[in-house]
Amino acid sequence: MTGATDDSRRTSIARELPVVGERREVRLAGIRVAGRRRRPSGERSSLERDLRGAGRFWLIGGIVMIILWISLFAFPASADWWTRQDTALLRRIVEIRTAALTSVADAVALLGSEWFLRVLRIGTLLALVFLHRWRHFFAVILAILAVQASVELIGYLIGRPRPFVPIIGGWEGPSHPSQPVAQLAVTLVAMAYTLLPSGRRRTWGFAAAGVLVGALICAQLYLGVDNPSDALVSALYAPAVTVVLFRWFAPESAFPVTWSRGVAAHLDVTGPRGDSISQAVRDQLGLEVLSIEPFGLEGSGGSTPLRLKVAGDPDQYVFAKLYSSTHLRSDRWYKIGRTILYGSLEDEVRFVSVRRLVEYEDYIQRLMNAAGVPSAEPFGIVELIPEREYLMVSEFLEGSEELTKAEIDDKIIDDALSVIRTMWDAGLAHRDVKPANVMLNRGRVVLIDVAFGTVRPSPWRQAVDLANMMVILALRTDAERVYQRALLQFAPEDLGEAFAATRSVTLPSQSRSSLALLRKEQGIDLVEEFRRLAPPTEPISIQRWSPRRLRLTFGALIVGLLGIGFVVLEFLGVGVL
């Protein structure tokens, strides 16, 4: 009786929750905010996926493989039974041998030959290098090494003899597991995972791999090289190891396979991820998402920028940045590279989780708003997968355009320079002042994308922010005009310091490209013009040496030498591939 009462009470509460959300409806700048819902303890996040078809298949395959292994080697009686069955089947195959079939089997057996596998593997790795898919590149190498090393170790420990029938094919080492079958299987499955997009193409790729591995097994059995159980276990073991490794090291959700050389940071927001974003934004921020579309991808390499259409009076847009484990890894490698090339320029401590990354950006964005730096108003953080995937939602600056595409007058120049002055006075630095991050919105200059911002930066970093803003303004006007307006808010010594600290590395790539184009078309070097206008100042060194930089540099050299040695050995035909 008590249980029935509790169930009815829970049902009643669940029915009332949407009503409670509607009663909390508010309007923010015309945007309808209602129905926020806290995810109850124990409930899975919307983007976490259950085990699907392929996962279930390989899970079952792994269980079958373990049962086979136990029955093959754990008990003498079952091992003898398997040996008798293997031998009986092989003797029937021996009876149908003919010269023609032997020629066909010899040709098919080349699928497991060293030279054929080497061609497939090197070709796959070269394609991944061309596509800049380094995660998949190393995943292929790891899968091949893992299968090769484990198969050799298992063969050494078990030491199963070759079949007790006439052998007419080439062989080497123990019979179990089958080396050629395992090596072909891991190669083809890795190729399907890295070269074919998820979906029907990859499914057909796996099917083709299964046909080729099956053909090799038939050839090996015909030639009497392998026992049927040896080949079967290898055909299950190698793909299972490859699938597990790829799902751990290069999961499809974080490293989708495409046939284009797009930016790895730009994640697909259709399908399950798009549905999850809509649900999470509704539950956590109370915004009803009507549509999701990528926005400004060309100016972003560290996140997936999105424009969300939300319900309102009328419907309006908000801006969102999607962060995942992919971006966290990119941030880590970026900081390692900076440390090797230039030393510790500022606080380059790596983020330990995606949560910490978005918390930091949200903090900096709110700090800049409080300091009076014109930027988009933050609406909040949305959790998609705890610790792994988050969405930052903020005001969408409708009608904005990049400063380098707008008509600029003295008022706009003064406004842009006052943004830098405000950050200086507040002890802040943006650290990524580039055309894509400096917008003109309704006549005022606005800074966006403050992910690299910092508090109490080094003086040279503040000077570089000033130099980068002056370069952006001069791209649409001229150096003399911008310099004279800058003297209204900065001392001549500040301007001299700014361009004394300016190097190619301190200029964002977008600004460098624009400067190079201006130099090529008009022969104007804006940075040198600013240096001529400013008081003479000794160049400011940006190189910083530290024990960590020495360690990282030494490690990078060792890895580079090992990589060169790996390539040389492969071309000589004595490598691990």
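Visitor: What is the strand order in the open sheet of three strands?
Guide: This is a predicted model, and in it the order of that sheet is β8-β10-β11, with antiparallel pairing. The edge strands are β8, residues 401-402, and β11, residues 444-447, each of which pairs on one side only.

Visitor: How many bridges hold β8 and β10 together?
Guide: Two bridges, in the antiparallel sense, with β10 covering residues 438-441.

Visitor: OK, let's move to β5. Which strands does β5 join by seven bridges?
Guide: One is β4, residues 304-310, which is joined to β5 by seven bridges and runs antiparallel to it. Another is β7, residues 389-395, again with seven bridges and an antiparallel run.

Visitor: Which residues stand opposite each other there?
Guide: Leu308 stands opposite Val318 in β5. Towards β7, Phe319 stands opposite Ser394.

Visitor: How many residues lie between β4 and β5 in their hairpin?
Guide: Five residues lie between the two strands of that hairpin.

Visitor: Why is β5 described as largely enclosed?
Guide: β5 spans residues 316-324, and seven of its nine residues are buried, so the rest of the structure largely encloses it.

Visitor: Nice. Zooming out for a second, how many helices and strands does the chain have?
Guide: The protein chain has 19 helices and twelve strands. Of its 577 residues, 46% are buried.

Visitor: What about contacts along the sequence?
Guide: Among contacts with a separation of 6 or more, 74% are between residues 24 or more positions apart.

Visitor: How much accessible surface does the chain have?
Guide: About 29,000 Å², and 62% of that belongs to carbon and sulfur atoms.

Visitor: Switching topic: how many cavities of 30 Å³ or more are there?
Guide: The count comes to one. About 40 Å³ of space lies in the largest cavity.

Visitor: Which residues line the largest cavity?
Guide: Its lining is made of Arg121, Thr124, Val140, Ile144, Thr187, Ala190 and Met191. The elements giving two or more residues to that lining are α5 (114-130), α6 (134-158) and α7 (179-195). The largest share, three residues, comes from α7.

Visitor: How does the lining split by class?
Guide: The lining has four nonpolar, two polar and one charged residues.

Visitor: I'd also like to look at Asp432. Where is Asp432, and is it buried or exposed?
Guide: Asp432 sits in the loop between β9 (428-429) and β10. Asp432 has a relative accessible area of 11%, and buried means under 20%, so Asp432 counts as buried.

Visitor: Which residues is Asp432 in contact with, beyond its neighbours within four places in sequence?
Guide: Asp432 is in contact with Asn437, Phe452, Asp465 and Pro508.

Visitor: And α16, which of its residues are buried?
Guide: α16 runs over residues 492-500, and Asp494, Leu495, Gly496, Ala498, Phe499 and Ala500 are buried in it. The cover over those buried residues includes α13 (410-426), α14 (459-476), α15 (479-486) and α18 (526-533).

Visitor: Which residues have a positive phi although they are not glycines?
Guide: Asp449 is one of them, with a phi of about 55°, and Arg456 has a positive phi of about 50°. Asp449 lies in the loop between β11 and β12 (454-455), while Arg456 is in the loop between β12 and α14.

Visitor: How accessible are Asp449 and Arg456?
Guide: Asp449 is at 21% relative accessibility, so it counts as partly exposed. Arg456 is at 64% relative accessibility and counts as exposed.

Terms used
Residues are numbered from 1 along each chain as its sequence is written. This is a predicted model: local features need pLDDT of at least 70, side-chain atom pairs count only at pLDDT 80 or more; totals for chains, interfaces and linings use all residues. Side-chain values use heavy atoms; hydrogens and water are left out. Two strands pair if DSSP finds at least two bridges between them. Helices (H or I, at least four residues) and strands (E, at least two) are DSSP runs, numbered from the N terminus. On a 1 Å grid over the protein atoms alone, a cavity is a set of points where a 1.4 Å probe fits but cannot get out, and a pocket is an open set with protein on both sides within 12 Å along at least five of seven lines; lining residues have an atom within 4 Å of a point. Grid points are joined across faces, edges and corners, and a volume is the space filled by probe spheres set on the points. Ala, Val, Leu, Ile, Met, Phe, Trp, Tyr, Cys and Pro count as nonpolar, Asp, Glu, Lys and Arg as charged, and the others, Gly among them, as polar. Buried means under 20% relative accessible area, exposed over 50%, partly exposed in between (1.4 Å probe, protein chains only). Contact means heavy atoms within 4.5 Å. Accessible areas come from the Shrake-Rupley method with a 1.4 Å probe; for residues, only the protein chains shown count as cover.
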